[in-house]
Structure formats: structure tokens, C-alpha cells
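Could you walk me through this structure in my viewer, stop by stop? I would like to know what to select next and what is there.

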Amino acid sequence: MTGETIRAMISRLRKARGWSQDRLAEKLNEVARDLPTLGLNASLGRQDVYRWEAGKRKPREWLPVLATVLGVSREELETATAVEEATAPAEPRTVDDFLPPDDPFAPLADGPGRRIGRSTVVDLANRVHGLRLADDVVYGRDLIGRARRDLRSAVDLFRTTTHTEAVGRDLLRGIAELAQIVGWVASDAGEYAEAEKVYRLGLSAAQKAGDGTLAGQLLGTLAYQVANQGDPREAVDMAVAAVDAAGPDAPPRARALFLDRVAWAHTRADRPQEAIQALGKAHEALTDEHGADEPVWTYWVSVDELEVMDARVYTELHRPLRAVPLLTQVLDRYDTTHARELALYLSWLAVAYADANEPEEAATTAERMLTLSTGGASERTADRARVVLESLKPFRKVPEVAALLGEYPAA
């Protein structure tokens, strides 16, 4: 295929009009505001145009507006996009590559209803945080019903009401945060397909709200699930795109969290060097004092949590001499009311002890982990229990291990 690429076409037509990248962004925003049915967030800036012209992002949903502003047909722009995709070298994937194909936040056909204001957004934020805290102590199948209902109500609220642009953005942020929690709960219940759909819904809401950090949170959480339940190479693309979406000025705890997910994805993809490098970057990010203010949802990110991820990576890479000291120190002071997380972290410690040829310690730790299991509500703990018991099988002649395997025969 020959012809002009979309990046070259945008640059050429912009310069022919004598416009700067800032000016083109302004023009596009003006037209987007006059076409509300497109559902675009009219807050483009110079950086967005720069990314299009540098080939770092594709305009995609902005093609109708670009056609109007630049005086060309949408078909010409689509042809140029196809040329670029066929001829350009593979570019790093971005958040846009993982968005759902349609607009899940378009107004319903029967039109908007009552007008809502700031108090409704505050109420949603409070309910979202309440559900977030509930997930610390109530798990998977025990929480999924309430979580689904809250998300469905929030999306319906956005689609059936009228509100100012500012209230709409905050409402979208609330929906995105809620989707991240609901996706996490669905994944904990073993409903991975539903979790992925919910994560992508939340990603769309965060993008529509113009919140790159929150978009990184949604995509990074999806990457974590894909690393564990799907193709780890795909997870690496997602996790790296999440870091890129948040940008270098993201809040320190958020950026550290996203880099930890990059490390985990590389670990699952059997890329140890890249994984360890990402761990180091996560610790550096946590000490950065120049990032934006932290969002509420990073409340749990700490040095201890990063060290747990360090230890999990080292365990997966079969480096127990690094993993065991980290986990034992953190778990000695871990909040025992968070039974699921404590059980999960103990599971990696048990596997690390087994790798270190310490079957008695592995059995003792495994027994504590299994006792803390969440009564079948969490598929995460069930998966890890199977992994732990499997790691103990080579030591079945050790009395402590034999007793444990006899009590829990199904690995």
C-alpha cells in the first residue's frame, strides 16, 4: 500500500493553514463542543496533536472532527490511517488500543432526565470509597452482587441525567474508580471475562474524563489479571501503556503501583532482567516528591507493599534467599484483619521456603495460609492454595508435609 500516512497528513494540512499544534487543538475542541453526539472530551492540548504527528497515538474517534477542521473527507483520513498501520514499524501500544469499540456513556435514546449537581458526585465518591474499604475485609463472591448493582446505577445516572461539564467529568471519574473495584471483585470471584469488560468500561470513563492517572489504574489492573490468567506478553503491553498514560508527573504512589504491575507482567512473561529493573523504578517513584497529589485510591500503597511485590517476583524467579527475608519482615507487621491479602502473601512465603529446601517451614506457613482462606469467596486464595500444595508434593515424606497434604488432599 502506498500513500500518505495519517501523521504526515495532519502535519501537512496543519502547516498549510499556518497553525501551531496548540491552534489545531483549539479548533478541534471548538468543533467537538458543537457535535455533542460524538461524545468527545473537548480538552485536547498541544501534546495530543504532537502525539498524533509523532505517530505515538492515533486520532481514531477524532477523525470526523479532523475531517471538518482540516477540510478533507473522513475516508481520506481513514485511508491515511490504514497506510500508517501497514507501513509503520510497530509502536508501543497505548491506552487507546485497549478501549471498548463503542461509547458506553452515550445518552439513552429517550433523552436526559433530571439535573444533578455536586452533591450527587460527592455521594457517589463516598459510596465508591465505602466499597473500596469493604473489599479489604469482604471478598469475591460475597461482595460481587452489591458491586455490580452500584456500577449499573452509576452508569445509568450518567446516561439519564443532565449536568454541567465539570460535574460530568467528576461523575465519570467516580464511575471509573467504581469499575476498577468491581472488576477487581469480579476477578476475585473467578469471573475473569466479566472483570475484563468492567475494566474496559472504567478505562473508557477515565479517558472520557481526561484523567490519565486513573486510566493507568484501570489498564494496570487489567494487566495484572491478564498476566495471571491470560497472555503475559499482552499484559506487558498493557502495563507499560498504563505507565505511559499516567505520565512522568503522576502521583508517586500511583506511579510506583503501575511500575510494580510492569514488574509482575515481565515476571510472568519470563523476563527476569526487565522485571527487576521495573521493581527498582517502582521504589524510586515512591520517593519522588515532585508528582501530583495522590488520589484516594492509592491509600494502601506503601514501602511494605512494594517489598511484598519484590518478594513475589523473587519467588516466581526462584530466588528464595531474597524473597524469604522480605516477606517475613513485612508479614510480622501486616494487618491481620486483611485476611485475603495476608493469606496470599503467606502463600508466596510458603513457596519460597519450599524452593529453599525448607519443607518444615513451608508446611507451617502453608497451614497458616490455608487457615486464613476466605471460605471459598476468593478465587485468588483458592488458586494460590493449589499452587502451595503442589509445591509441597516433592516433600511428601516429611512428616509435617505429609500431615498437611493428608488434611488438604486436593492440590
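This is a predicted model: local features need pLDDT of at least 70, side-chain atom pairs count only at pLDDT 80 or more; totals for chains, interfaces and linings use all residues.

**Stop 1: the cores**

Begin by selecting Phe 105, Leu 151, Leu 171, Ile 175, Leu 219 and Leu 331. These residues have the most contacts inside the largest nonpolar core, which has 111 residues. In soluble globular proteins, nonpolar side chains tend to be buried together.

Zoom in on Leu 151 next. Leaving aside neighbours within four places in sequence, Leu 151 is in contact with Ile 175, Leu 178, Ala 179, Val 182, Val 198 and Leu 201.

Then move to Leu 13, Trp 19, Leu 66 and Leu 77, which are included in a second, separate core of 24 residues.

**Stop 2: H2 and H3**

Two packed helices are described by the angle between their axes and the distance between the axes. Select H2 (residues 21–34) and H3 (residues 46–53), whose axes come within 8 Å and cross at roughly 105°. H2 and H3 are therefore roughly perpendicular to each other. To see where they touch, show side chains for Gln 21, Asp 22, Leu 24, Ala 25 and Leu 28 in H2, which meet Arg 46, Val 49, Tyr 50, Trp 52 and Glu 53 in H3. Coloured by class, this contact of H2 with H3 shows six nonpolar, one polar and three charged residues.

**Stop 3: H6 and H8**

Now select H6 (residues 118–134) and H8 (residues 165–188). Their axes come within 10 Å and cross at roughly 15°, so H6 is roughly parallel to H8. The crossing of H6 past H8 is left-handed. On the H6 side, pick Arg 118, Val 121, Leu 124, Val 128, Leu 131 and Arg 132; the H8 residues they meet include Asp 170, Leu 171, Ile 175 and Glu 177. In this contact of H6 with H8 there are 10 nonpolar, one polar and four charged residues.

Stay in H8 and click on Val 167. Is Val 167 buried or exposed? Val 167 counts as buried because its relative accessibility is 6%. Leaving aside neighbours within four places in sequence, Val 167 is in contact with Ile 116, Gly 117, Arg 118 and Val 121.

**Stop 4: H10 and H12**

Next come H10 (residues 212–229) and H12 (residues 252–268), with axes that come within 9 Å and cross at roughly 25°. That makes H10 roughly parallel to H12, and H10 passes H12 in a left-handed crossing. Among the H10 residues in this contact are Thr 213, Gly 216, Gly 220 and Tyr 224, while those in H12 include Leu 257, Phe 258, Arg 261 and Trp 264. The contact of H10 with H12 divides into seven nonpolar, six polar and two charged residues.

Gln 225 also sits in H10. With a relative accessible area of 6%, Gln 225 is buried. What is Gln 225 in contact with, leaving aside its neighbours within four places in sequence? The residues are Ser 187, Tyr 192, Ala 195, Glu 196, Tyr 199 and Gly 230.

Follow the chain to Asp 231, in the loop between H10 and helix H11 (232–246). Asp 231 counts as partly exposed at 32% relative accessibility. Draw a distance from Asp 231 to Ala 265: they are 34 residues apart along the chain, with their C-alpha atoms separated by 9.4 Å.

**Stop 5**

Select Thr 315 in helix H14 (residues 303–316). At 3% relative accessibility, Thr 315 counts as buried. Its contacts, leaving aside neighbours within four places in sequence, are Ala 323, Trp 348, Val 351, Ala 352 and Asp 355.

Move on to His 318, in the loop between H14 and helix H15 (320–331). At 58% relative accessibility, His 318 counts as exposed. Most residues other than glycine have a negative phi. His 318 has a positive phi of about 60° although it is not a glycine.

Finish at Asn 357, in the loop between H16 and helix H17 (359–371). The phi of Asn 357 is a positive value near 65°, and this residue is exposed, with a relative accessible area of 53%.

Note on methods:
Residues are numbered from 1 along each chain as its sequence is written. Side-chain values use heavy atoms; hydrogens and water are left out. Axes are lines fitted to C-alpha atoms, for helices over the stretch in contact, and angles run from 0 to 180 degrees between N-to-C directions. Helices (H or I, at least four residues) and strands (E, at least two) are DSSP runs, numbered from the N terminus. Angles under 35 degrees count as roughly parallel, over 145 as roughly antiparallel, 65 to 115 as roughly perpendicular and the rest as oblique. A crossing is left-handed if the near helix is turned anticlockwise from the far one by less than a right angle, and right-handed if clockwise. Contact means heavy atoms within 4.5 Å. Ala, Val, Leu, Ile, Met, Phe, Trp, Tyr, Cys and Pro count as nonpolar, Asp, Glu, Lys and Arg as charged, and the others, Gly among them, as polar. A nonpolar core is a set of buried Ala, Val, Leu, Ile, Met, Phe, Trp, Tyr and Cys residues joined through side-chain atoms within 4.5 Å. Buried means under 20% relative accessible area, exposed over 50%, partly exposed in between (1.4 Å probe, protein chains only).
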